[in-house]
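Please look through the sequence and the model before reading on.

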There are 4 protein chains.
Amino acid sequence: MNTFGTHFRLTDFGETHGECIGGVIDGCPAGIRIDTEFVQKELDRRAHTVYDTAKTADCNTRREPDKIRFISGIYEGKTTGAPLAFLIANVDAKVNESANHVLKPSHNSFVLKEKFGHTCNEQGGRFSARQTACRVVGGAVAKLILQTLGITITAEAESIAEVNDGDTAGAVVSCVIRNVPAGWGDPTYDGLDSQLAAALLSIPTCKGFEIGEGFRAAAMCGSQYNDTQTTGFVFRSNHDGGVQSGISNGQDIVIRAAFKPIPTLRFDQPTIDYEGNPATYTGSTRNDTSVVPRVLPVVEAMAAMVIADQFIIHNS
Amino acid sequence: MNTFGTHFRLTDFGETHGECIGGVIDGCPAGIRIDTEFVQKELDRRAHTVYDTAKTADCNTRREPDKIRFISGIYEGKTTGAPLAFLIANVDAKVNESANHVLKPSHNSFVLKEKFGHTCNEQGGRFSARQTACRVVGGAVAKLILQTLGITITAEAESIAEVNDGDTAGAVVSCVIRNVPAGWGDPTYDGLDSQLAAALLSIPTCKGFEIGEGFRAAAMCGSQYNDTQTTGFVFRSNHDGGVQSGISNGQDIVIRAAFKPIPTLRFDQPTIDYEGNPATYTGSTRNDTSVVPRVLPVVEAMAAMVIADQFIIHNS
Amino acid sequence: MNTFGTHFRLTDFGETHGECIGGVIDGCPAGIRIDTEFVQKELDRRAHTVYDTAKTADCNTRREPDKIRFISGIYEGKTTGAPLAFLIANVDAKVNESANHVLKPSHNSFVLKEKFGHTCNEQGGRFSARQTACRVVGGAVAKLILQTLGITITAEAESIAEVNDGDTAGAVVSCVIRNVPAGWGDPTYDGLDSQLAAALLSIPTCKGFEIGEGFRAAAMCGSQYNDTQTTGFVFRSNHDGGVQSGISNGQDIVIRAAFKPIPTLRFDQPTIDYEGNPATYTGSTRNDTSVVPRVLPVVEAMAAMVIADQFIIHNS
Amino acid sequence: MNTFGTHFRLTDFGETHGECIGGVIDGCPAGIRIDTEFVQKELDRRAHTVYDTAKTADCNTRREPDKIRFISGIYEGKTTGAPLAFLIANVDAKVNESANHVLKPSHNSFVLKEKFGHTCNEQGGRFSARQTACRVVGGAVAKLILQTLGITITAEAESIAEVNDGDTAGAVVSCVIRNVPAGWGDPTYDGLDSQLAAALLSIPTCKGFEIGEGFRAAAMCGSQYNDTQTTGFVFRSNHDGGVQSGISNGQDIVIRAAFKPIPTLRFDQPTIDYEGNPATYTGSTRNDTSVVPRVLPVVEAMAAMVIADQFIIHNS
């Protein structure tokens with residue numbers, strides 16, 4: 001199903017090759033001022049390619065002029081409590097005919113064929129990276145809710161693999177969520193850490209998640225690691241990354257996500273066609289080198305929607 | 001809420017200091033033979049401490065004689081399709097009075113106080129590691145379902161931190177799920193990787209998750225990473241760890257989890273009491289050095305329940 | 001939340017006084033031919049007022065020119081498996097200023113004030129009868145799915161109260177669902193009868209639900225009532241209305257719903273304003289006399305979505 | 001699935017012919033005093049047969065000595081916030097061999113065969129009326145929560161069909177829920193009326209539901225029906241039965257349910273066997289004449305759990 005969240009809930013739709021993509025945000029409290037310029041800026045962050053390890057000139061010239069349009073749920077600039085629906089028109093929506101007949105390596109063409117019995121293009125491009133624009137809109141609305149409590153969410157690139165011309169690069173993104181009150185989350189199965197992990201792994205090409213020390217914790221001993229507290233409940237350290245037993249402890253929530261290299265390269269790759277015969281996946285001339293920086297607002301958006309879900313529970 | 005899963009669903013209950021713990025497994029198909037000896041052996045794997053970096057003699061002597069008893073849902077040794085309820089009696093159920101008055105560092109006492117306004121012991125010990133025994137039972141039943149398709153799940157310790165006497169050690173656990181058919185999972189928000197990440201992060205002390213190359217993918221370039229296919233849909237590599245775009249591709253599903261050191265040490269730690277005044281958390285004389293090996297059947301159980309959930313969808 | 005259904009799921013949005021209403025239909029199988037003319041005809045059935053107990057000439061002249069437009073999920077006339085989003089433009093969308101300052105008797109103005117602290121018009125008219133147009137679209141798509149199995153759903157007016165000029169009339173609507181296979185539903189909490197009851201009661205002004213003999217069963221004895229079977233599993237009667245213990249038995253599913261009179265009258269009613277002071281609710285000049293016949297496609301739509309939900313489970 | 005409710009949630013298990021039945025109540029707030037005598041009395045109300053239209057002496061002698069035992073979630077007499085598990089031992093648990101080979105008319109044997117491919121007895125009697133004892137326990141806990149707000153729930157028999165010796169009688173039960181604050185419920189798909197309808201229809205043999213005037217509303221005109229308000233928001237009538245547009249309005253919530261005659265008679269009935277050949281369903285010597293009065297605490301329990309679900313949302 002195409003719905004994310006329990007109490008703050010995004011249902012999105014649309015195909016790359018259709019007339020638009022869009023979504024419905026349900027559960028947004030009434031009275032939140034929707035700053036459409038802010039939402040548009042978040043979309044712009046996702047659309048533009050600034051970082052360029054490969055120094056290829058045309059890398060920055062690609063544009064997806066994503067323009068947000070809300071069509072319900074807002075009255076005189078504020079949410080009414082009714083669902084917010086939004087549309088983002090597709091300006092350049094022609095089907096990519098050339099890619100239609102072979103499997104794209106390490107992408108979704110093989111698994112979609114196995115699951116649905118047809119290719120992504122036959123679905124008009126439902127499962128492409130473009131769908132993340134809808135997540136950014138959901139996340140932008142979540143941020144507008146959270147800022148009423150002073151909660152902020154900031155992602156940044158921590159490292160990007162070095163690559164040669166035409167290749168693509170994996171990356172690590174870190175994200176800090178500030179000012180979440182202590183006591184949000186669940187101590188059993190629906191912990192904040194579980195929810196954040198699921199949210200980030202749902203971003204295409206994400207392959208790893210850490211909270212606090214993450215895998216570094218595995219090399220530590222308890223006397224180094226433990227976040228002890230001193231007078232007035234003040235923590236001396238934040239190795240746990242702000243979440244203990246699935247519940248926020250009032251410290252910064254610090255998470256990291258690993259992204260694999262984008263599967264599309266600028267040079268040809270060996271592959272097979274839909275019948276299993278050897279074929280060539282032709283290099284693209286307009287792909288990004290890394291998910292960074294476009295993935296940063298997506299990471300923030302997924303984190304924001306998880307935290308907004310908790311906000312609804314705790315402030316309804 | 002104390003329920004895990006959507007179609008194959010475990011709801012568990014019970015406190016360390018009550019008469020028993022237990023659970024209800026709903027969604028189990030009819031006709032599955034319940035091998036109670038197998039379930040008991042899985043529980044035994046969780047209860048015993050074999051690994052001992054610290055070479056302390058008494059480390060292996062601690063026992064929790066967890067004895068499984070199914071009380072519904074089974075007729076002549078097979079599931080009927082009705083919910084399976086089970087109980088595990090608590091043999092040694094007295095409240096740990098000494099620990100009652102100070103916050104346990106990097107544990108759940110502070111966050112439970114913030115969330116519920118009372119301590120874990122006032123809840124009779126609901127949120128202790130003992131609850132994972134119920135997960136192991138749910139996972140054992142899931143494994144019995146999955147073995148009808150030849151699906152196997154095996155976790156092992158990959159590394160354990162070196163520690164001195166009395167300290168505790170973080171660890172990395174890897175887990176391989178074999179023979180999952182291609183096409184299981186979801187391409188948007190409920191991908192297999194998202195579900196496995198959430199499942200593993202819900203295990204106490206888990207701080208990181210990887211699938212396939214995980215964080216190593218972030219240092220790779222696309223030409224190294226991409227899992228290309230050759231004649232007959234055969235994959236040349238498995239960097240993606242068996243899941244692409246949230247959907248299984250028929251290869252081994254390979255995941256890893258990072259566990260922080262157990263918070264309880266054998267020596268005293270500085271802490272505060274429930275009013276925020278400086279205090280000492282007294283060292284324990286009977287804690288484990290590492291979550292390994294007790295966590296291994298828990299990791300397998302969580303993975304098994306996620307895969308069984310998919311089994312129900314695809315084989316109903 | 002504004003979502004109906006579990007596996008076949010409608011999420012709708014939009015206000016009477018906004019630019020459009022619409023919805024997202026998720027869970028629709030791939031390969032279903034979407035006959036937009038059929039969907040439009042279903043919408044037309046809801047929009048037009050044919051029945052007229054009051055013989056007032058202008059009763060038939062009111063039109064809501066609802067025009068369906070699908071914007072995603074369809075490729076070459078067939079569903080792709082991706083969510084279907086649709087829009088219905090609001091042609092005449094000005095806020096009803098006159099009704100803004102007093103409570104509408106037996107309508108939702110008082111309870112919305114109590115729940116949300118504001119009036120319906122401040123929400124732009126989210127909770128009006130117009131929202132049922134979205135249900136009709138969801139139901140029309142559900143019918144297109146169900147007709148592949150030969151399942152048909154037909155509602156008709158069974159009785160309408162006699163009223164004088166300017167008053168409104170309650171009504172009973174019956175609905176027959178044919179060709180549902182035996183074995184659909186759930187024997188415990190999520191029975192087909194429970195789901196149909198909830199679905200019909202969610203229609204504005206619905207106050208009662210029956211399946212089979214309904215309240216007449218309460219005056220019967222077992223020897224009259226019991227649906228016995230004869231050779232070849234053939235039933236001799238259908239007092240149970242096609243559902244036993246929450247599960248379809250292969251007979252026609254026969255349900256009935258009671259609708260109260262429409263609250264808006266053509267003459268003035270005593271009421272109070274939002275501060276609790278006596279006031280007058282002015283008679284309308286353009287309201288319907290009865291929910292019949294406009295409610296018929298809505299009843300069918302709700303039933304169709306419930307049955308389609310089961311279809312997904314049993315034919316996936 | 002065997003779970004009822006969203007925020008206040010009962011998951012029940014057990015078979016008539018197993019060692020016990022029981023359940024897990026999740027979502028109960030901490031600090032509620034669990035009066036086990038009250039819970040036991042509610043169970044006793046369900047177990048005993050007092051009403052007897054047929055004047056058969058032995059009708060009152062049948063006893064199910066249901067004894068409640070809570071095994072988790074309670075500390076010093078109060079809930080801890082952790083799940084409450086409970087058991088009710090089966091004293092007389094032998095399988096009813098005689099009934100095993102033919103279909104019981106208007107009962108669940110045919111539909112269970114169609115759905116699961118086996119008979120109820122092969123499931124050990126999961127889907128029998130005995131399961132309603134678990135609902136009564138869930139409802140009793142819900143009532144203990146609701147009484148902290150002064151909310152009371154009372155069901156009574158409104159009418160029972162007249163029958164001759166050995167036959168069974170349909171009945172109408174009415175139920176009044178008092179002191180629910182205005183503003184509880186949902187204006188779209190999850191209205192209080194929808195939830196109550198689904199809850200009551202899930203009780204075995206329930207065939208109809210009304211709120212307020214119910215089917216009588218269908219014969220009324222708006223000028224008779226409308227619940228107008230006067231100074232201070234006081235309602236002049238309660239035809240709507242306390243719920244408007246799915247939301248409570250602060251008046252008594254008045255609902256009614258129709259129950260068909262119990263399918264088991266004291267004389268033989270024509271039926272077929274599991275192969276579809278003519279057979280006889282032998283009359284029972286120990287069945288009830290009507291679901292009344294045993295069904296009264298079950299009706300109250302289902303209503304109580306629906307209202308407790310709302311309580312959790314509005315008082316968390």
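Axes are lines fitted to C-alpha atoms, for helices over the stretch in contact, and angles between N-to-C directions run from 0 to 180 degrees. Helices (H or I, at least four residues) and strands (E, at least two) are DSSP runs, numbered from the N terminus. This is a predicted model, in which local features need pLDDT of at least 70, side-chain atom pairs count only at pLDDT 80 or more, and totals for chains, interfaces and linings use all residues. Residues are numbered from 1 along each chain as its sequence is written, chains are lettered from A and ligands numbered from 1 in the order in which they are written, and side-chain values use heavy atoms, with hydrogens and water left out.

**Helix pairs**

- Two packed helices are described by the angle between their axes and the distance between the axes.
- Helix α4 (residues 192-201) of chain A and helix α4 (residues 192-201) of chain B have axes that come within 8 Å and cross at roughly 160°.
- α4(A) and α4(B) are therefore roughly antiparallel to each other (angles under 35 degrees count as roughly parallel, over 145 as roughly antiparallel, 65 to 115 as roughly perpendicular and the rest as oblique).
- In contact (heavy atoms within 4.5 Å), A:Asp193, A:Ser194, A:Ala197, A:Ala198 and A:Leu201 of α4(A) meet B:Asp193, B:Ser194, B:Ala197, B:Ala198 and B:Leu201 of α4(B).
- The residues of the contact of α4(A) with α4(B) comprise 6 nonpolar, 2 polar and 2 charged (Ala, Val, Leu, Ile, Met, Phe, Trp, Tyr, Cys and Pro count as nonpolar, Asp, Glu, Lys and Arg as charged, and the others, Gly among them, as polar).
- Within chain B, the axes of helix α1 (residues 36-47) and helix α3 (residues 132-146) come within 9 Å and cross at roughly 140°.
- α1(B) and α3(B) are therefore oblique to each other.
- Among the residues that meet here are B:Phe38, B:Val39 and B:Leu43 in α1(B), and B:Val136, B:Val137 and B:Leu144 in α3(B).
- The contact of α1(B) with α3(B) has 8 nonpolar, 1 polar and 4 charged residues.

**Chain B against chain A**

- Chain B gives 96 residues to the contact and chain A gives 96 residues.
- About 7,000 Å² is buried between chain B and chain A, and carbon and sulfur atoms give 59% of this area (buried area is the accessible area, with a 1.4 Å probe, that two parts lose on being put together, summed over both).
- B:Tyr189, B:Lys207 and B:Phe215 supply 13% of the area that chain B buries against chain A, more than any other three residues.
- Between chain B and chain A there are 4 salt bridges (a side-chain nitrogen of Lys or Arg within 4 Å of a carboxyl oxygen of Asp or Glu).
- A:Asp240 and B:Lys207 form a salt bridge at 3.3 Å, N to O.

**Chain B against chain D**

- This contact takes 34 residues from chain B and 34 residues from chain D.
- The area buried between chain B and chain D is about 2,600 Å², with 59% from carbon and sulfur atoms.
- B:Met1, B:Phe13 and B:Ile71 supply 21% of the area that chain B buries against chain D, more than any other three residues.
- The interface of chain B and chain D has 2 salt bridges.
- B:Glu19 and D:Arg69 form a salt bridge, with the closest N and O atoms 2.7 Å apart.

**Salt bridges inside a chain**

- Over all chains, the structure holds 64 salt bridges.
- B:Glu300 and B:Lys143 form a salt bridge, their closest N and O atoms being 2.5 Å apart.
- That pair links distant parts of the chain, 157 residues apart, with B:Glu300 in helix α6 (residues 295-315) of chain B and B:Lys143 in helix α3 of chain B.
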